[in-house]
Amino acid sequence: MYSDKVMDHFENPRNVGEIENASGVGTVGNAKCGDIMRIYLDIDDNGIIRDCKFKTFGCGAAVATSSMATELVKGKSIEEAMKVTNKAVMEALDGLPPVKVHCSLLAEEAIHAALWDYAQKNGICIEGLAEPKSDIHDEN
Amino acid sequence: MGEFIYLDNAATTKTAPEAVEAMLPYFTDFYGNPSSIYSLGASAQKAVEEAREQIASTLGAKSNEIYFTGGGSESDNWALVAAAEAYAGKGKHIITSVIEHHAVLHTCQYLEKRGYEVTCIGVDENGILKLDELEAAIRPDTILISVMFANNEIGTIQPVREIGALAKKHGVLFHTDAVQAYAHLPIRVDEMNIDMLSASGHKFHGPKGTGFLYIRTGVKIRSFLHGGQQERGRRAGTENVSGIVGLGEAARLAFSHMEERSRKEAGLRDYLIERIGKEIPYCRLNGDAGRRLSNNVNFSFRFIEGESLLISLDRKGICASSGSACTSGSLDPSHVLLAIGLPHEIAHGSLRLTVSWENTMEEMDRTVEAVKEIVERLRNMSPLYEDFIRSAGQNR
């Protein structure tokens, strides 16, 4: 049911891990629904995402979309990272089964949540970025 | 397909070669319609009746109490709907349990929409029906109790004899979904006061699309399919002759070595339970340790999700199943795991391994090693595990 790309990113996920003293961390989803994604960003003074790591609790599609999302934002500017939509993640993975589309939405939200955290810490405003609406801490 | 380890025998089983062998002539040689008058039809009719007698003898039933169906779900649907209709004059109250298969639960919901009232009895933390709750729920207008013989997910065997006795005492019909239990456990319909029983062929090495419903003589029940005299006029349509022959042969075979088979399966099961329980931290065995189907292993692993576990096992050639939401196509994990009190996130991380007597110890070893490796890999990727380790570190 999954494309070869999804299987590849599930079996050999890129950028799994944590970043100590990350510039921004975002966690979205909730355990009740079976998906939690956490994204760590390391952003330099010029607003370039130097490194990006993730941790995900979830199905194969959730792991693969997290992995692909980190690949798509790594080395990009914040503005470019804001353009990494769930559609972009899905396309890069050669598509997802319809019941798994929400996983790609979660990946987009996780990046936004990490950028929001970065913006909050640095007292800046990122155009088009709203406060993340889903967070595990809201659910429990 | 390459070599694989099949550990999903509660989903379906390999058709026994003996059953396949028995079926083949009924496709090509004795293909007559059992309802036809000539001898070609009569030989098909004879085969169907022999299978019926075969099945009846395994339950201590009469052969005219066995009705062939297209499988377990059909049997459940028929038993519930037709009994509900036939006994509506007495009352419209039905009792079932929270851990039934959806073939029973969804049929109950269908009946609720048509004016019936359904009470779902709870289970304890091991999935055993609360008998006191059951007896308290019986009312003068209760017409049917439907409780499964053994659970398909966690393997818990219900106190069927006690349920049957309660049903008899209160004059209520008792139906049991024995899809997972038939041909795996000894069942005597008279001693256990079972009025109706559903079973499915492909759960005991018979062909898919076959099954039966046992209906005790004297139980009023409406016809399920109309348009012919087959199955005593209650299920019209030309019989699935080859399927019925395969079902009968699979039953004969299963009962001929049931004890030996169960002993071997229980050995494999206990080995898996012991090794997984000992060697993988933060796991929990779901279901009752003692009152358990001989083939069922069900564990929850904290901090991981079941579908990723299944895909990873599949890549290693191991076929298993899970109660996670992602494998059911909904957002909620298994209703059975929730009913025994598991929190959602732990129910999502469940793994069901159901063995058959044909599995080997070497396969069990390979499976344990694979599960260990995969659980560790997924935990290292899990933010829940990261949080858990962090907070454990702080509390130290």
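Two residues are in contact here if their C-beta atoms, placed from the backbone, lie within 7 Å. Keep that in mind while looking around this predicted model.

## Two helices side by side

Let's start in chain B, with helix 4 (residues 72-86) and helix 5 (residues 102-113). On the helix 4 side of chain B, the residues making contact are B:G72, B:S73, B:D76, B:N77, B:L80, B:V81 and B:A84, and they meet B:A103, B:V104, B:T107, B:C108 and B:L111 in helix 5 of chain B.

The axes of this pair sit 9 Å apart, and the helices pack at an angle of about 30°. Angles under 35 degrees count as roughly parallel, so helix 4 and helix 5 of chain B get that description. Their crossing is right-handed.

## A buried strand

Now over to strand 6 of chain B, which spans residues 173-177. Because 5 of its 5 residues are buried, the rest of the structure largely encloses this strand.

Which way do its residues point? B:L173, B:H175 and B:D177 go one way, while B:F174 and B:T176 go the other.

Strand 6 of chain B pairs with strand 5 (residues 142-146) of chain B in the parallel sense, over 3 bridges. B:L173 has B:L144 as its bridge partner. To get from strand 5 to strand 6 of chain B, the chain passes through helix 7 (residues 160-169), making a right-handed β-α-β crossover.

Strand 7 (residues 196-200) of chain B also runs parallel to strand 6 of chain B, joined to it by 3 bridges. Here, B:T176 stands opposite B:L197.

Conventions. Residues are numbered from 1 along each chain as its sequence is written. Chains are lettered from A and ligands numbered from 1 in the order in which they are written. This is a predicted model: local features need pLDDT of at least 70, side-chain atom pairs count only at pLDDT 80 or more; totals for chains, interfaces and linings use all residues. A residue is buried if 20 or more other C-beta atoms lie within 10 Å of its own, exposed if 12 or fewer, and partly exposed in between; C-beta atoms are placed from the backbone. Helices (H or I, at least four residues) and strands (E, at least two) are DSSP runs, numbered from the N terminus. Two strands pair if DSSP finds at least two bridges between them. A crossover is right-handed if, with the strands pointing away from the viewer, the path from the first strand over the helix to the second runs clockwise. Axes are lines fitted to C-alpha atoms, for helices over the stretch in contact, and angles run from 0 to 180 degrees between N-to-C directions. Angles under 35 degrees count as roughly parallel, over 145 as roughly antiparallel, 65 to 115 as roughly perpendicular and the rest as oblique. A crossing is left-handed if the near helix is turned anticlockwise from the far one by less than a right angle, and right-handed if clockwise.
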